[in-house]
Amino acid sequence: MEAEHSLLDQISRKEAELKEQCDIVCKEAETRIHDARVRARNMLEEAEREGAEEGKRFMDEGLAKLAGEIDAIHKAGKKEAEEILKKGSGNIDLAVKWIATKVQG
């Protein structure tokens with residue numbers, strides 16, 4: 001009977017030891033999972049921040065390029081308007097004479 005009791009005690013101690021080891025491993029696994037989730041969240045936030053910065057930079061470059069193109073169009077339009085006005089001003093005298101001639105008959 002003593003041998004059976006001793007064997008049961010050994011089994012019981014071994015179970016307790018294995019349970020303790022299992023608890024330690026489970027805690028380590030939970031810690032690793034938590035740490036991995038934190039790292040993943042941080043990586044995601046960093047990626048979103050970098051993406052927003054890159055998007056803003058891309059947009060700013062595009063807007064700057066567009067502003068340059070708009071400025072060039074305005075300058076070209078202004079130059080063309082000045083040329084037309086200059087050309088038209090030179091033809092006013094001719095137009096007045098032509099109209100007068102047509103009206104007089």
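Mentor: Happy to! Let's begin with the count, which comes to seven salt bridges, where a salt bridge is a side-chain nitrogen of Lys or Arg within 4 Å of a carboxyl oxygen of Asp or Glu. Please keep in mind that this is a predicted model, in which local features need pLDDT of at least 70 and side-chain atom pairs count only at pLDDT 80 or more, while totals for chains, interfaces and linings use all residues. Residues are numbered from 1 along each chain as its sequence is written, and side-chain values use heavy atoms, with hydrogens and water left out.

Now to the pairs themselves. E54 and R57 meet through their side chains in a salt bridge, at 2.2 Å from N to O. Both residues belong to helix α1 (residues 2–104), three residues apart, about one turn of the helix; helices (H or I, at least four residues) and strands (E, at least two) are DSSP runs, numbered from the N terminus. E54 is partly exposed at a relative accessible area of 41%, and R57 is partly exposed at 38%. On this scale buried means under 20% relative accessible area, exposed over 50%, and partly exposed in between, with a 1.4 Å probe and protein chains only.

R57 also has a salt bridge with E61, at 2.4 Å from N to O. Those two lie four residues apart in helix α1, again about one turn of the helix. E61 is partly exposed, with a relative accessible area of 44%. Through shared partners, salt bridges join E54, R57 and E61 into one network.

Another pair to find on your screen is D60 and K56, whose closest N and O atoms are 2.8 Å apart in their salt bridge. They too are in helix α1, four residues apart, about one turn of the helix. D60 is partly exposed at 38% relative accessible area, whereas K56 counts as exposed at 51%.

Finally, have a look at the nonpolar side chains. M59, L63, L66 and I70 form a nonpolar patch on the surface, with about 380 Å² of accessible area together. Patches are made of residues with over 30% relative accessible area and no salt bridge, joining like charges within 9 Å and nonpolar side chains (Val, Leu, Ile, Met, Phe, Trp, Tyr) within 5 Å. Accessible areas come from the Shrake-Rupley method with a 1.4 Å probe, and for residues only the protein chains shown count as cover.
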